[in-house]
Amino acid sequence: MKLMIASLFLILGTIPTLVAGDTTVGGAKFSESLTLGEQTLLLTGAGLRKKLFIKVYAGALYAAKPSNQADELIAAGGNKSMRMHIIYKSISAKKIRDAWTEGLKNNLAADKFTVIEARLEEFNQLFPDLQKNDVIEMNFQPGVGTEVVLNGESRGNVEGDDFFSSLLLVWIGDKPADENLKKGILGQ
């Protein structure tokens with residue numbers, strides 16, 4: 001009987017919502033849910049950022065209403081959290097800052113990039129050199145902004161709901177940093 005029920009769920013494609021536990025990607029573990037503020041967020045998906053053949057980091061996105069559609073996740077209200085678990089031995093602050101800038105320029109029209117450019121500079125200053133096993137949380141709460149947390153310690157906050165929505169484009173926009181990571185984050 002259990003086998004028949006499991007087979008039915010597999011056919012319907014709903015088994016992921018029934019499986020509890022952690023998700024592991026590239027050795028990094030992501031819980032199926034977390035609490036941010038007063039809101040429970042659910043894992044939308046997780047994936048691996050690779051550059052050529054090098055595993056750089058594992059990333060995961062949490063939202064109040066998970067979706068496999070990028071535009072729905074970006075437009076959805078409520079708290080969200082993007083997590084990065086560094087897998088590579090080290091990433092210089094300059095490289096991570098350049099990657100944010102490039103990713104946003106690739107996904108935003110010039111006028112929209114100009115609107116967030118000063119806040120991007122604030123955001124970039126929150127990132128030191130990163131080492132293997134560092135965990136970065138980018139926690140968004142409407143009206144509060146995007147808090148950057150490194151290994152459990154707050155590094156600062158960038159205001160504006162539009163900033164986090166723009167930042168998500170780096171991973172799930174039309175020109176993501178890594179297509180496979182985008183698919184993983186969207187649970188595809």
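Is Glu121 buried, partly exposed or exposed? Select Glu121 in helix α5, which covers residues 110-124. Glu121 is partly exposed, with a relative accessible area of 44%. The model on screen is a predicted one.

**Stop 1: a charged patch**

**Stop 2: aromatic rings**

The whole structure has 6 aromatic pairs. Trp100 and Phe123 make an edge-to-face pair, with 5.3 Å from centre to centre and 65 degrees between the planes. This pair links distant parts of the chain: Trp100 belongs to helix α4 (residues 93-107) and Phe123 to helix α5, 23 residues apart. Trp100 counts as buried because its relative accessibility is 3%, under the 20% cut-off. Phe123 is also buried, at 0% relative accessibility.

Now extend the selection to Phe127, Phe163 and Trp171. Together with Trp100 and Phe123, these residues are linked by ring pairs into a cluster.

**Stop 3: salt bridges**

Begin with Asp178 and Arg49. Their side chains meet in a salt bridge with an N to O distance of 3.8 Å. Asp178 sits in the loop between α6 (161-172) and α7 (179-185), while Arg49 is in strand β4 (residues 39-51); the pair links distant parts of the chain, 129 residues apart. Asp178 is buried, with a relative accessible area of 10%. Arg49 counts as buried at 15% relative accessibility.

Next, select Arg83 and Glu137. A salt bridge joins these side chains too, at 3.6 Å from N to O. Arg83 is part of strand β6 and Glu137 part of strand β9 (residues 135-141), so the pair ties together parts that lie 54 residues apart in sequence. Arg83 is buried, at 15% relative accessible area, and Glu137 is buried at 18%.

Then go to helix α4 and select Lys94 and Asp98. In this salt bridge the closest N and O atoms are 2.7 Å apart. Both residues lie in helix α4, 4 residues apart, which is about one turn of the helix. Lys94 counts as exposed, at 57% relative accessibility, whereas Asp98 is partly exposed at 40%.

**Stop 4: a nonpolar patch**

Which residues form the nonpolar patch on the surface with about 470 Å² of accessible area together? Select Leu52, Phe53, Ile54 and Tyr88. Tyr88 is located in the loop between β6 (80-86) and β7 (90-91). Tyr88 is partly exposed, with a relative accessible area of 30%. Leu52 lies in another loop, between β4 and β5 (54-63). Leu52 counts as exposed, at 80% relative accessibility.

**Stop 5: positive phi angles**

Keep Leu52 selected and look at its backbone. Most residues other than glycine have a negative phi. Leu52 is not a glycine, yet its phi is positive, at about 60 degrees.

Move on to Asn151, in the loop between β10 (145-150) and β11 (153-158). Asn151 is not a glycine either, and has a positive phi of about 50 degrees. Asn151 is partly exposed, with a relative accessible area of 44%.

**Stop 6**

Select Pro128, in the loop between α5 and β8 (130-131). Pro128 counts as partly exposed, at 24% relative accessibility.

Finish with Gly26, in the loop between β1 (23-25) and β2 (28-30). Gly26 is partly exposed, with a relative accessible area of 40%. Where is Gly47 relative to Gly26, along the chain and by C-alpha atoms? Gly47 is 21 residues apart from Gly26 along the chain, and their C-alpha atoms are separated by 8.3 Å.

How values were computed
Residues are numbered from 1 along each chain as its sequence is written. This is a predicted model: local features need pLDDT of at least 70, side-chain atom pairs count only at pLDDT 80 or more; totals for chains, interfaces and linings use all residues. Side-chain values use heavy atoms; hydrogens and water are left out. Helices (H or I, at least four residues) and strands (E, at least two) are DSSP runs, numbered from the N terminus. Buried means under 20% relative accessible area, exposed over 50%, partly exposed in between (1.4 Å probe, protein chains only). Rings of Phe, Tyr and Trp (its six-membered ring) pair if their centres lie within 6.5 Å; planes under 30 degrees apart count as stacked, over 60 as edge-to-face and the rest as tilted. Patches are made of residues with over 30% relative accessible area and no salt bridge: like charges are joined within 9 Å, nonpolar side chains (Val, Leu, Ile, Met, Phe, Trp, Tyr) within 5 Å. Accessible areas come from the Shrake-Rupley method with a 1.4 Å probe; for residues, only the protein chains shown count as cover. A salt bridge is a side-chain nitrogen of Lys or Arg within 4 Å of a carboxyl oxygen of Asp or Glu.
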